[in-house]
Amino acid sequence: DEPSLSYNYYPRFAFKQPFVAEVPNITVAGPYASAFTEDGKLLLDPHNSFTPGAGWRTGGAVKTAISDAPLTVGTALIRGRAPEPTRTVPSAALVHDYWGNFYHWMLEELLKLRGIQQYEQTTGRDVPIIIPSDPKPCITESLRLLGYDEDNYIEWDGEPLGVERLVVPSFPDPTPRAIEWLRNEITSGLELSDKASPDWVYVSR
C-alpha cells in the first residue's frame with residue numbers, strides 16, 4: 001500500500017529504420033522552428049523524440065508558435081494554411097535545438113546531420129542547415145568541428161521562412177552506431193595529443 005511504489009517509470013525505446021524525406025513548400029515558423037505544410041499541418045520529425053514526452057514537445061511547439069504570433073501564425077493555422085513567409089530559400093534542413101542545452105544539441109540535433117549528409121551524397125545537392133540566431137558557442141564550435149562554416153548554415157531570425165524543398169531526416173535514435181558516427185566525425189577535426197590525459201573528464205550538462 002505504499003503509494004510511492006505504485007508507479008514504475010521505465011525507458012521506452014523502439015528503434016526504427018531511419019529515413020530521409022524531401023518535403024516541398026514548407027514554412028518554418030514559431031520560436032522552436034516548427035515546419036508547416038501548405039495546408040497548415042505540422043511535420044513531426046523535426047521535434048519528435050524517442051522519449052515518452054514526444055507528444056508534449058510537439059504540442060508545446062505549436063502552442064508556443066501560436067501564442068508568440070497569434071495574428072500571423074495562429075490565424076493562418078485556423079484557416080488551414082501555413083503562415084505567410086517573409087522570405088524563401090530553395091532548400092534547407094532544420095537543425096535547430098528545441099531545448100537549448102548541450103545534451104540535446106549533441107544527441108538530437110547533431111545526429112540529424114548523418115541523414116542530411118546521406119541525402120547530399122545521394123543527390124549531389126548541398127543542403128544548408130537552419131540553426132538558431134545568435135547561436136551559443138557550443139553550436140558553432142561543434143559545427144566547425146564537423147566541417148560546417150557560415151556558408152553552410154542559416155541563422156534563422158524567427159520570421160516565417162519559406163523552404164521550397166525541406167530535407168527532413170527521421171528524428172535520430174541514440175544508437176551505438178549513431179553515437180560512434182558522431183564521435184568519429186567530431187574527433188577527426190581535432191588535433192589529439194599522445195600525452196597522458198586524466199582518467200576522468202567531467203562534462204556538465
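Modeller: Helices and strands here are DSSP runs, numbered from the N terminus. The model is predicted.

Biologist: Is aspartate 151 buried or exposed?

Modeller: Exposed means over 50% relative accessible area. Aspartate 151 has 71%, so it counts as exposed.

Biologist: Where is the place of aspartate 134?

Modeller: Aspartate 134 sits in the loop between β4 (129–132) and α5. Its relative accessible area is 69%, so aspartate 134 is exposed.

Biologist: What is phi of aspartate 134 near?

Modeller: First the general idea. Most residues other than glycine have a negative phi. Now the case: aspartate 134 has a positive phi, near 45°. Asparagine 25 is also a residue other than glycine with a positive value, near 55°.

Biologist: In which strand is asparagine 25 found?

Modeller: Asparagine 25 belongs to strand β1.

Biologist: How many bridges pair β1 with strand β6?

Modeller: Two strands count as paired if there are at least two bridges between them. Strand β1 (residues 20–29) and strand β6 (residues 161–169) have eight, in the antiparallel sense.

Biologist: Which residue in β6 is the bridge partner of threonine 27?

Modeller: Glycine 162 is that partner.

Biologist: In which sense do β1 and strand β2 pair?

Modeller: Antiparallel again, but here β1 meets β2 (residues 34–36) over three bridges. Look at alanine 29: serine 34 in β2 stands opposite.

Biologist: How many residues lie between β1 and β2 in the hairpin?

Modeller: There are four. In that turn, glycine 30 has a positive phi of about 90°.

Biologist: Now the nonpolar surface. Which residues make the nonpolar surface patch?

Modeller: Phe102, Val201 and Val203 make the patch, which covers about 290 Å².

Biologist: In which helix is the place of phenylalanine 102?

Modeller: Phenylalanine 102 is in helix α3, residues 102–109.

Biologist: How does phenylalanine 102 count, and at what relative accessibility?

Modeller: The value for phenylalanine 102 is 34%, so it counts as partly exposed. Patch members need over 30% relative accessible area.

Terms used: Residues are numbered from 1 along each chain as its sequence is written. This is a predicted model: local features need pLDDT of at least 70, side-chain atom pairs count only at pLDDT 80 or more; totals for chains, interfaces and linings use all residues. Side-chain values use heavy atoms; hydrogens and water are left out. Helices (H or I, at least four residues) and strands (E, at least two) are DSSP runs, numbered from the N terminus. Buried means under 20% relative accessible area, exposed over 50%, partly exposed in between (1.4 Å probe, protein chains only). Patches are made of residues with over 30% relative accessible area and no salt bridge: like charges are joined within 9 Å, nonpolar side chains (Val, Leu, Ile, Met, Phe, Trp, Tyr) within 5 Å. Accessible areas come from the Shrake-Rupley method with a 1.4 Å probe; for residues, only the protein chains shown count as cover. A salt bridge is a side-chain nitrogen of Lys or Arg within 4 Å of a carboxyl oxygen of Asp or Glu.
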